[in-house]
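This report is meant to be read beside the sequence and the coordinates, with the residue numbers at hand. Please keep the model open while following the text.

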Amino acid sequence: MTLRLVVLVTVAINAFSGTAALLHWKAILPGMVKAGVPESWLSFPIGTLKTAGALGLLAGLLVGSPALTAAAAIGLVLFFVCALYTHVRVADFTAQFFLAVFFLGMACASLVLTLTA
């Protein structure tokens, strides 16, 4: 039960965040500018990779494939490590930095719980 809940929360937050990036939601633009991320990157790679990660996690749960769930979680872990590096590089410790920390934690929890299930 815990595994499913953690993975579903990870799916939800990444699906929302990925969709917001794909739609170039105005609320996220100042944080991207501060981190030095071009707006054109919101569609690809940012929005595309977050959404793909969410879909991979969900597909892994639905078809009962721990390997697919783990692969999607690994992708999200790598994505958020890179996102955090991007923020640290320019000393941007705003709300988006801490959201990325939370998202990384959820991706790590999804991965660990999947691997230990």
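What follows describes helices, selected residues and aromatic pairs in turn. The model is a predicted one, and the values given below should be read with that in mind.

Helix α3 covers residues 43–63, and because its 21 residues at 1.5 Å a residue should span 30 Å, the 28 Å between its end C-alpha atoms agrees with expectation. Its buried residues are I46, G47, K50, T51, G53, A54, G56, L57, G60 and L61, and the elements that cover them include α1 (2–22), α2 and α4 (66–89). Just after α3 comes G64, which takes a positive phi of about 70°.

Helix α5 has 22 residues, which should span 32 Å at 1.5 Å a residue, and its end C-alpha atoms are 32 Å apart, in agreement with that figure. The buried residues of α5 are Q96, F97, A100, F103, L104, M106, A107, S110, L111 and T114, with α1, α2 and α4 among the elements that cover them.

**How α4 and α5 pack**

How are α4 and α5 oriented towards each other? The two helices pack at an angle of about 155°, with their axes 8 Å apart; since an angle over 145 degrees counts as roughly antiparallel, α4 and α5 are therefore roughly antiparallel to each other. The crossing of α4 past α5 is left-handed. On the α4 side the residues that meet α5 include P66, A73, F80 and V88, while on the α5 side those that meet α4 include Q96, F97, F103, S110 and L115.

**Two residues in their surroundings**

S110 lies in helix α5, which runs over residues 95–116. With a relative accessible area of 0%, S110 is buried, and, when residues up to four places away in sequence are not counted, S110 touches L3, V6, V7, T10 and A73.

K34 is found in helix α2, residues 29–34. Is K34 buried, partly exposed or exposed? Its relative accessibility is 46%, so K34 counts as partly exposed. Leaving aside neighbours within four places in sequence, K34 is in contact with V90, D92 and T94. K34 and F93 are 59 residues apart along the chain, and their C-alpha atoms are separated by 9.7 Å.

**Aromatic residues**

A pair of aromatic rings is described by the distance of the centres and the angle of the planes. The structure holds six aromatic pairs, and two of them are set out here.

| Pair | Centre distance | Angle of planes | Arrangement |
|---|---|---|---|
| F16 and W25 | 5.7 Å | 80° | edge-to-face |
| F93 and F97 | 5.0 Å | 85° | edge-to-face |

Planes over 60 degrees apart count as edge-to-face, so the 80° between the rings of F16 and W25 places that pair in this class, and the 85° between the rings of F93 and F97 does likewise for that pair.

Finally, F79, F80, F102 and F103 form one aromatic cluster.

Key: Residues are numbered from 1 along each chain as its sequence is written. This is a predicted model: local features need pLDDT of at least 70, side-chain atom pairs count only at pLDDT 80 or more; totals for chains, interfaces and linings use all residues. Side-chain values use heavy atoms; hydrogens and water are left out. Rings of Phe, Tyr and Trp (its six-membered ring) pair if their centres lie within 6.5 Å; planes under 30 degrees apart count as stacked, over 60 as edge-to-face and the rest as tilted. Helices (H or I, at least four residues) and strands (E, at least two) are DSSP runs, numbered from the N terminus. Buried means under 20% relative accessible area, exposed over 50%, partly exposed in between (1.4 Å probe, protein chains only). Contact means heavy atoms within 4.5 Å. The expected span of a helix is 1.5 Å times one less than its number of residues. Axes are lines fitted to C-alpha atoms, for helices over the stretch in contact, and angles run from 0 to 180 degrees between N-to-C directions. Angles under 35 degrees count as roughly parallel, over 145 as roughly antiparallel, 65 to 115 as roughly perpendicular and the rest as oblique. A crossing is left-handed if the near helix is turned anticlockwise from the far one by less than a right angle, and right-handed if clockwise.
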